[in-house]
Amino acid sequence: MLAYLLNLATLVCINAVLAITLNFIMGYAGIFSLAHAVFFGVGAYTAAWFAMHVSASIFLAIPAAMLAAALLSLVLALPALRVRGEYFVAASLGLQVLAVTVFSEWKAFTGGLGGLIGIPPASLFGHDVTDPVQFLLLALCGLVPVMLVTTALLRTSFGRNLKAIRDSESASYAFGKNVAAIKTLSVAISAALAAIAGALYAFYIGFINVESFMLNTSVLLMAMVIIGGTGTLLGPIVGTLLLMLLPSLFSYMTFLPQTQIGAIQQMAYGLAMVLLMIFRPGGIVGARARKSA
């Protein structure tokens with residue numbers, strides 16, 4: 001039971017990083033992306049390749065993963081500069097589909113459909129992090145800085161500019177804001193921080209393949225943000241906890257057909273989204289946060 005709880009807590013930390021970084025562009029810049037799993041995957045594959053061929057030190061593998069994701073984010077930033085709303089969602093969906101194809105076919109780097117096997121454990125000051133408790137602490141050491149960095153950025157003039165662009169891009173242009181640079185930088189920061197989750201995931205699982213970075217992952221991350229509350233600090237964490245704990249609760253409900261647990265989970269996610277949009281469109285903590293602001 002302890003091993004199960006440690007595994008769940010570690011995965012919650014990793015997914016919370018992804019939800020927080022998606023909320024950074026979605027909740028504060030108004031950039032709705034269906035390609036966040038791409039940067040998750042780039043971070044995982046880069047860290048895994050780096051660990052297998054260069055060094056498993058997290059002080060080298062994680063920065064390499066962040067750099068690769070930030071560079072790739074420029075592919076997503078380009079349409080973000082030219083289109084808005086549903087048009088950008090379509091553009092991000094195209095990037096997601098393209099990335100899945102690349103992940104599946106680029107065998108030299110990703111291992112193709114078979115994935116990468118035998119990823120060495122993360123090395124911290126020469127010590128291999130293999131103990132579940134130690135890795136949970138490592139995952140927390142990834143989550144907390146991401147929370148602090150995003151919170152600090154949102155309290156600067158850069159964060160205020162993001163919110164201004166979210167509320168009215170035309171007004172931001174009129175006030176002389178460099179909207180193109182701000183949106184590009186926000187996407188790059190979000191992608192780089194999301195790569196931290198990818199690197200941690202690769203080191204934790206020891207095996208990765210394309211199944212973890214497909215469209216359903218991006219949709220799940222968006223659901224975490226929306227259910228928790230977009231444009232809030234605690235919303236992504238609350239949404240992550242809810243959507244990560246629900247499958248565990250369903251698995252303990254013995255009266256449910258175990259072969260249909262996956263379908264039941266998807267139905268529960270969809271129902272939760274519909275009910276929230278009707279009764280609490282700001283998310284679980286969204287409305288409260290806006291009232292106190």
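**Figure 1. Ser73, a buried residue of helix H3.** Ser73 is buried, with a relative accessible area of 0%. The model shown here and in the other views is predicted. Ser73 belongs to helix H3, which covers residues 58-82. With residues up to four places away in sequence left out, Ser73 touches Phe39, Val187, Ala188 and Ala191.

Figure 2. Helix H6 covers residues 132-154. The helix has 23 residues, and from its first C-alpha to its last it reaches 33 Å. This is close to the 33 Å expected at 1.5 Å a residue. At the start of H6, the backbone nitrogen of Val133 has a side-chain oxygen of Asp131 within 3.0 Å. The buried residues of H6 are Phe135, Leu136, Leu138, Ala139, Gly142, Leu143, Val146, Thr150, Thr151 and Leu154. An α-helix has 3.6 residues a turn, so residues three or four places apart point the same way.

**Figure 3. Thr150 and its surroundings.** Thr150 is placed in helix H6. Its relative accessibility is 5%, under the 20% limit, so Thr150 counts as buried. The side chain of Thr150 reaches the backbone oxygen of Met147 at a distance of 3.0 Å. Beyond its neighbours within four places in sequence, Thr150 is in contact with Ile20, Phe24 and Leu193.

**Figure 4. Helix H10 and the glycine that follows it.** Helix H10 runs over residues 215-228 and has 14 residues. At 1.5 Å a residue, H10 should span 20 Å, and its end C-alpha atoms are 20 Å apart, so the two values agree. Ten of the 14 residues of H10 are buried, and therefore the helix is largely enclosed by the rest of the structure. The buried residues are Thr217, Ser218, Leu221, Met222, Ala223, Met224, Val225, Ile226, Ile227 and Gly228. After H10 comes Gly229, which has a positive phi near 130 degrees.

**Figure 5. Pro121 in the loop between strands S1 and S2.** Strand S1 covers residues 116-117 and strand S2 covers 123-124, with Pro121 in the loop between them. Pro121 is partly exposed, at a relative accessible area of 29%. Pro121 and Phe203 are 82 residues apart in sequence, while their C-alpha atoms are 5.5 Å apart in space. Phe203 is also one of the residues in contact with Pro121 when neighbours within four places in sequence are left aside.

**Figure 6. Phe125, a residue with positive phi.** Phe125 is found in the loop between S2 and strand S3, which covers residues 127-128. The phi of Phe125 is near 55 degrees, a positive value in a residue other than glycine. Phe125 is exposed, with a relative accessible area of 71%.

**Figure 7. Pro247 in helix H11.** Helix H11 covers residues 235-251 and includes Pro247. Buried means under 20% relative accessible area, so Pro247, at 19%, is buried. Not counting residues up to four places away in sequence, Pro247 touches Gln265 and Tyr269. Pro247 and Asn15 are 232 residues apart along the chain, and their C-alpha atoms are separated by 14 Å.

**Figure 8. The salt bridge of Asp167 and Arg166.** One salt bridge is found in a search of the whole structure. Side chains of opposite charge can pair when their charged atoms come close. The side chains of Asp167 and Arg166 meet in a salt bridge, at 3.2 Å from N to O. Asp167 is exposed, with a relative accessible area of 58%, whereas Arg166 is partly exposed at 33%.

**Figure 9. A nonpolar surface patch and Phe279.** Leu271, Val274, Leu275, Ile278 and Phe279 form a nonpolar patch on the surface. Together these residues have about 530 Å² of accessible area. Phe279 is found in helix H12, which covers residues 261-279. The relative accessible area of Phe279 is 67%, over the 50% limit, so Phe279 is exposed.

Note on methods: Residues numbered from 1 in each chain as written. Predicted model: local features only at pLDDT ≥ 70, side-chain atom pairs only at ≥ 80, totals over all residues. Heavy atoms only, no water. Helix = DSSP H or I, 4+ residues; strand = E, 2+ residues; numbered from the N terminus. Expected span 1.5 Å × (residues − 1). Buried < 20%, exposed > 50% of the residue type's maximum accessible area, 1.4 Å probe, protein only. Patch = residues over 30% accessible without salt bridge, like charges linked within 9 Å, V, L, I, M, F, W, Y side chains within 5 Å. Areas by Shrake-Rupley, 256 points an atom, 1.4 Å probe, with all protein chains shown as cover. Salt bridge = Lys/Arg side-chain N within 4 Å of Asp/Glu carboxyl O. Polar contact = N/O pair within 3.5 Å; in protein donor to acceptor, adjacent residues only side chain to side chain. Contact = heavy atoms within 4.5 Å.
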